[in-house]
Number of protein chains: 2
Amino acid sequence: MELAPVLAGLEARDPAAVGRAISLVENGRAGFEELLSAIHHRLGRARRIGITGPPGAGKSTLTEQLVRRYRALGLPVAVVAVDPTSPFTGGALLGDRLRMERVALDPGVFIRSMATRGSLGGLATATREVCDVLDAAGFGRILIETVGVGQSELDVARTADSTVVVLVPESGDAIQTLKAGIMEIADLFVVNKADRPGADRLRQDLEVTLGIRAGHAFRHVPAHHGARGLSPSRGADQAPAGWTPRVLATVASTGEGVDTLVTLLDTHHAWLEGSGELTARRRRRLVERTREVLTRAMARWVSHDAAVEQLLQDRLAAIEAGRASPYEVAAEAIELLRPGSRV
Amino acid sequence: MELAPVLAGLEARDPAAVGRAISLVENGRAGFEELLSAIHHRLGRARRIGITGPPGAGKSTLTEQLVRRYRALGLPVAVVAVDPTSPFTGGALLGDRLRMERVALDPGVFIRSMATRGSLGGLATATREVCDVLDAAGFGRILIETVGVGQSELDVARTADSTVVVLVPESGDAIQTLKAGIMEIADLFVVNKADRPGADRLRQDLEVTLGIRAGHAFRHVPAHHGARGLSPSRGADQAPAGWTPRVLATVASTGEGVDTLVTLLDTHHAWLEGSGELTARRRRRLVERTREVLTRAMARWVSHDAAVEQLLQDRLAAIEAGRASPYEVAAEAIELLRPGSRV
């Protein structure tokens with residue numbers, strides 16, 4: 001693939017070019033790292049917003065509402081929907097996607113579902129790289145929607161500048177089990193379907209847990225959570241030490257509360273910029289990205305190295321017979337690959 | 001950690017020693033690969049059985065019933081429960097685990113939940129290694145229970161000798177979307193909660209889809225599915241070309257149908273052995289394992305190499321300023337690591 005026309009197409013935000021560039025990156029086809037390398041210098045203009053929560057919380061509807069608001073402000077918006085593609089729930093997710101297509105007729109909107117990619121590199125890295133393409137194409141807001149399963153919330157948090165956790169009144173019972181994984185990554189909590197019974201209670205419970213409402217006077221923050229940890233509730237005479245997550249109510253199906261969400265996302269972004277946290281996070285992510293790319297390149301190197309292949313072939317019989325273990329043979333392969341070993 | 005006492009403890013199937021060995025392996029602590037290397041020669045005695053399906057299908061209850069049957073046959077049994085630990089559904093899974101503990105008082109039963117591990121190596125590899133420890137400790141059956149989310153079914157299939165997919169009558173609607181990911185990995189389909197309406201219909205639908213009941217005369221198998229693909233329905237004059245997945249009904253809560261499941265698991269294992277497929281699969285897995293271990297060792301090498309660290313430090317400012325990309329710097333790091341580069 002020739003790079004120049006793709007770059008020109010991205011510059012012009014041509015939907016077909018954007019789609020082709022994303023496919024290239026998502027599938028890791030020849031030239032994808034050259035493309036990502038070539039766009040690197042123009043990244044950082046987009047705000048990346050993660051939206052996560054349990055199945056049925058209304059994430060897609062809320063995402064669609066955000067898309068409408070940002071479009072009304074004249075901003076090009078991209079949506080990256082990250083589904084861990086469960087074959088058991090495929091139907092429901094498909095329904096969400098179809099509904100979303102109502103906003104997709106607008107050329108200022110780009111919607112893409114990410115499927116799980118093979119082991120080489122993984123979904124989180126691929127998602128970050130797809131967001132880079134969208135950033136380079138000038139989408140001012142990138143909404144990364146992911147269903148709350150497994151490790152994916154944490155990975156979203158490290159991809160996004162702002163992370164929104166969407167809950168519903170029915171999630172109330174789960175709030176005790178939420179704490180461990182979710183509390184640390186949420187910049188904003190949305191209590192969606194807030195016209196249902198239990199919404200006020202959930203909101204209050206969240207605020208107590210966050211230490212922004214009386215109930216617990218103070219919430220201890222484990223030191224290792226660092227800048228992403230919750231800040232303790234503060235007395236009026238203390239300077240703000242960090243970001244205190246906000247809790248808000250929405251009814252995504254009617255649009256109620258979505259304007260407030262947009263405002264709070266702006267507030268959070270202003271805090272990120274003003275506090276230096278945006279720069280710090282992006283620096284950390286660049287280091288992480290370089291390590292990820294390096295690890296991926298190492299894996300590619302291993303799988304294409306003729307001497308390693310020969311070794312694996314030669315030693316397979318010994319591994320099978322129990323005379324050598326995979327661990328011993330891997331160590332032998334590492335020795336083959338070490339600097340100076342073949343000179 | 002000294003290796004000899006751990007190995008002796010595994011040999012004696014001492015629960016505390018087994019638990020410690022698994023923790024060592026699961027957390028990738030110092031010495032874990034030495035342990036795995038030392039037990040490699042005595043692996044292969046256990047039958048590894050994967051049990052997967054959507055949430056609420058009754059996997060844990062069915063697993064518990066299988067444990068009881070195997071215990072009645074005098075076989076030591078281990079259960080490895082792989083939860084993608086969603087913070088949103090933590091409660092329900094915990095309930096399952098607690099229920100399972102009714103059988104856990106038996107010293108011939110070992111139950112372990114696997115949490116998601118960090119990026120280095122990943123959950124699938126860690127699960128395989130934990131199963132190795134259990135195999136070495138003489139557990140004749142290892143039941144690997146995993147909720148059907150994301151990539152995990154496919155990973156279970158590659159870990160287990162036999163894979164059981166558990167569905168419930170309510171799954172009927174989902175059968176069309178099941179096909180892609182699930183049909184290829186299932187050796188046995190269990191229609192659980194078969195006392196509910198719709199069970200017969202689901203069973204028939206599965207059999208039609210599998211080509212073992214009239215409806216579709218013939219089911220085409222994409223060539224790349226290879227030995228794990230479904231065999232087409234056969235005329236009486238054709239020799240069996242592979243394994244045709246069986247469909248059976250159970251009511252796990254009462255134990256109905258579980259004896260049949262045990263019998264069919266034996267039938268599948270006999271087919272695996274007789275056809276040479278067991279040997280072929282285990283050979284493929286040993287090659288895969290060696291590659292996984294090698295990739296993990298490479299990642300460790302990268303993260304501990306002083307010259308690479310220095311390069312990343314030196315080039316960070318350039319990456320931040322957009323003068324260099326993570327991809328260029330990763331390529332520079334690979335050059336540093338290549339054989340002969342430092343001589």
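## Exercises on a two-chain model

**Exercise 1.** State which residues of α3(A) are buried, and decide whether the helix is mostly covered or mostly uncovered.

*Solution.* Step 1: in this predicted model, the buried residues of α3(A) are F32(A), E33(A), L35(A), L36(A), S37(A) and I39(A). Step 2: helix α3 of chain A spans residues 32–39, and six of its eight residues are buried. Step 3: α3 of chain A is mostly covered.

**Exercise 2.** Describe how α11(A) and α12(B) are arranged and which residues bring them into contact.

*Solution.* Step 1: the axes of helix α11 (residues 277–304) of chain A and helix α12 (residues 306–321) of chain B come within 11 Å and cross at roughly 130°. Step 2: angles of 65 to 115 degrees count as roughly perpendicular and those over 145 as roughly antiparallel; α11(A) and α12(B) are therefore oblique to each other. Step 3: the crossing of α11(A) past α12(B) is right-handed. Step 4: α11(A) contributes T279(A), R283(A), L286(A), V287(A), T290(A), R291(A) and L294(A), which meet V308(B), E309(B), L312(B), L316(B), I319(B) and E320(B) of α12(B). Step 5: these contact residues divide into seven nonpolar, two polar and four charged.

**Exercise 3.** Name the residues with the most contacts inside the largest nonpolar core, and list the partners of L134(B) outside its sequence neighbourhood.

*Solution.* Step 1: the largest nonpolar core has 96 residues, and L134(A) and L134(B) have the most contacts inside it. Step 2: leaving aside neighbours within four places in sequence, L134(B) touches V18(B), I22(B), A78(B), V80(B), F110(B), F139(B) and I142(B). Step 3: in soluble globular proteins, nonpolar side chains tend to be buried together.

Note on methods: Residues numbered from 1 in each chain as written. Chains lettered and ligands numbered in written order. Predicted model: local features only at pLDDT ≥ 70, side-chain atom pairs only at ≥ 80, totals over all residues. Heavy atoms only, no water. Core = buried A, V, L, I, M, F, W, Y, C linked by side-chain atoms within 4.5 Å. Buried < 20%, exposed > 50% of the residue type's maximum accessible area, 1.4 Å probe, protein only. Contact = heavy atoms within 4.5 Å. Helix = DSSP H or I, 4+ residues; strand = E, 2+ residues; numbered from the N terminus. Axes fitted to C-alpha atoms, helices over the stretch in contact; angles between N-to-C directions. Parallel < 35°, antiparallel > 145°, perpendicular 65-115°, else oblique. Left-handed = near helix turned anticlockwise from the far one by under 90°. Nonpolar A, V, L, I, M, F, W, Y, C, P; charged D, E, K, R; others polar.
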